[in-house]
Amino acid sequence: MRAPTNLHILATSSGLTDEAVVALWDEARAAAISELGDDSHPEYKRTAEGFMIRLIEDKATADVPANLVPWVLFDIHMGMALVEVRNSIKSASGQVRSYIANLRGKQAA
């Protein structure tokens with residue numbers, strides 16, 4: 001199973017291959033199920049994504065000197081923030097389009 005797009009972007013920008021991303025996502029999902037009981041739990045997605053972020057951080061900093069780890073983590077999380085902003089803009093854009101379409105529909109009626 002493929003990792004969510006945000007996490008896939010974060011992982012590949014951290015230097016991980018697509019195969020490594022899939023393996024980490026499987027590991028994160030298994031850890032979330034182990035913690036919550038099953039994947040129908042309301043917190044499953046958030047928990048699995050949290051585990052995935054931690055696994056990405058661990059992989060990205062595995063061969064980094066200790067004095068550079070904070071910078072690598074900063075870089076990873078800034079990348080995640082940019083992806084979140086992009087997704088928020090896309091979502092807001094869709095909502096604005098829908099709102100405008102509703103206004104036009106009401107004016108036509």
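Two residues are in contact when they have heavy atoms within 4.5 Å. Helices are DSSP runs (H or I, at least four residues), numbered from the N terminus. What you're looking at is a predicted model, where local features need pLDDT of at least 70 and side-chain atom pairs count only at pLDDT 80 or more, while totals for chains, interfaces and linings use all residues. Residues are numbered from 1 along each chain as its sequence is written, and side-chain values use heavy atoms, with hydrogens and water left out.

**Stop one: H1 and H2.** Select residues 5–13 (H1) and 18–36 (H2): their axes come within 10 Å and cross at roughly 130 degrees. Those axes are lines fitted to C-alpha atoms over the stretch in contact, with angles from 0 to 180 degrees between N-to-C directions. The pair is therefore oblique, the label for whatever is left once under 35 degrees is called roughly parallel, over 145 roughly antiparallel and 65 to 115 roughly perpendicular. Show side chains, and you'll find Leu 7, His 8, Ala 11 and Thr 12 of H1 meeting Asp 18, Val 21 and Trp 25 of H2. That contact splits into four nonpolar, two polar and one charged residue. Here Ala, Val, Leu, Ile, Met, Phe, Trp, Tyr, Cys and Pro count as nonpolar, Asp, Glu, Lys and Arg as charged, and the others, Gly among them, as polar.

Stay on H1 and colour by accessibility: Asn 6, Leu 7, His 8, Leu 10 and Ala 11 are buried, meaning under 20% relative accessible area with a 1.4 Å probe, protein chains only. Just after H1, click Gly 15, which has a positive phi of about 95 degrees.

**Stop two: H2 and H3.** The H2 side of the contact includes Val 21, Leu 24, Trp 25 and Ala 28, and the H3 side includes Tyr 44, Phe 51, Met 52 and Ile 56. The tally for this contact is 14 nonpolar, one polar and five charged.

**Stop three: the core.** Which residues have the most contacts inside the largest nonpolar core? Select Leu 16, Val 21, Leu 24, Trp 25, Met 52 and Ile 56, out of 18 residues in that core. Such a core is a set of buried Ala, Val, Leu, Ile, Met, Phe, Trp, Tyr and Cys residues joined through side-chain atoms within 4.5 Å.

Conventions: Helices (H or I, at least four residues) and strands (E, at least two) are DSSP runs, numbered from the N terminus. Buried means under 20% relative accessible area, exposed over 50%, partly exposed in between (1.4 Å probe, protein chains only).
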